[in-house]
Amino acid sequence: MISPVGLQSLDVYDLRCFVAVATTLNFTQAARDLHVSAPPLSRRIRDMERLLDVKLFVRDTRRVTLTAEGARLLPAARRILAQFDELPSIVSPEPTTSTRPIAYGVP
């Protein structure tokens, strides 16, 4: 079982990396989409797998596929990212409904 303390080193960017690779099933394309190079992305996924103590992807020389554990994690990761991306709209003040007219002229 994974301790909550161990999960503290998992961050939102790890989830973004996982979702990018899981969506494209291609490390090179996911790295391009994330504006990083493939080797650091691959290391990040490997570190995430080590932290979670599961294999998320099956990699071979021709293709990448999700494992059953990776497939179970994908919807949860997408939900977490969607909630995280909503934070700015949650904390921003409500738009005011009152508007002031602006008078302007052309000389």
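**Core**

I started with the largest nonpolar core, which has 21 residues; F18, V21, L41, I45 and F57 have the most contacts inside it. For my own reference, a nonpolar core here is a set of buried Ala, Val, Leu, Ile, Met, Phe, Trp, Tyr and Cys residues joined through side-chain atoms within 4.5 Å. Buried is under 20% relative accessible area, exposed is over 50%, and partly exposed is in between, with a 1.4 Å probe and protein chains only. Helices α2, α3, α4 and α5 each supply at least two residues of this core. The largest share, seven residues, comes from α2. The helices (H or I, at least four residues) and strands (E, at least two) are DSSP runs, numbered from the N terminus. In soluble globular proteins, nonpolar side chains tend to be buried together.

Notes on the source: this is a predicted model, where local features need pLDDT of at least 70 and side-chain atom pairs count only at pLDDT 80 or more, while totals for chains, interfaces and linings use all residues. Residues are numbered from 1 along each chain as its sequence is written, and side-chain values use heavy atoms, with hydrogens and water left out.

**I45 and C17**

What does I45 touch, not counting residues up to four places away in sequence? I found C17, F18, V21, F27, F57 and R59 on its list, where contact means heavy atoms within 4.5 Å.

I then went to C17, which is found in helix α2. C17 is buried, at a relative accessible area of 1%. With residues up to four places away in sequence left out, C17 touches L34, L41, R44 and I45. I also checked C17 against S42: they are 25 residues apart in sequence, and their C-alpha atoms are 9.1 Å apart in space.

**Aromatic rings**

How many aromatic pairs does the structure hold? I get two. The rule is that rings of Phe, Tyr and Trp (its six-membered ring) pair if their centres lie within 6.5 Å; planes under 30 degrees apart count as stacked, over 60 as edge-to-face and the rest as tilted.

F18 and F57 make a tilted pair, 5.5 Å centre to centre with 50° between the planes. F18 sits in helix α2 and F57 in strand β1, so this pair ties together parts that are 39 residues apart in sequence. I looked up burial too: F18 is buried at 0% relative accessibility, and F57 is buried at 0%.

F27 and F57 have ring centres 6.0 Å apart and planes at 70°, so I logged that pair as edge-to-face. F27 is in helix α3 (residues 27–34) and F57 in strand β1, so the pair ties together parts 30 residues apart in sequence. F27 counts as buried at 12% relative accessibility. I note F18, F27 and F57 as one aromatic cluster.

**Salt bridges**

My search of the whole structure gave five salt bridges. The cut-off is a side-chain nitrogen of Lys or Arg within 4 Å of a carboxyl oxygen of Asp or Glu. I wrote up three pairs.

R44 bridges to D11, with the closest N and O atoms 3.2 Å apart. The pair links distant parts of the chain, 33 residues apart: R44 is in helix α4 (residues 38–52), and D11 is in the loop between α1 (4–7) and α2 (12–24). R44 is partly exposed at 27%, and D11 is partly exposed at 34%.

R16 bridges to D85, and their closest N and O atoms are 2.4 Å apart. Here the link runs from helix α2 to helix α5 (residues 68–91), with R16 and D85 69 residues apart. R16 is partly exposed at 26%, as D85 is at 44%.

R59 bridges to E49, again with closest N and O atoms, 3.2 Å apart. R59 is in strand β1 (residues 57–59) and E49 in helix α4, ten residues apart.

**Surface patch**

Last, I looked at F84, L87, I90 and V91, which form a nonpolar patch on the surface with about 400 Å² of accessible area together. Patches take residues with over 30% relative accessible area and no salt bridge; like charges are joined within 9 Å and nonpolar side chains (Val, Leu, Ile, Met, Phe, Trp, Tyr) within 5 Å. Accessible areas come from the Shrake-Rupley method with a 1.4 Å probe, and for residues only the protein chains shown count as cover. V91 lies in helix α5 and is exposed, at 68% relative accessible area.
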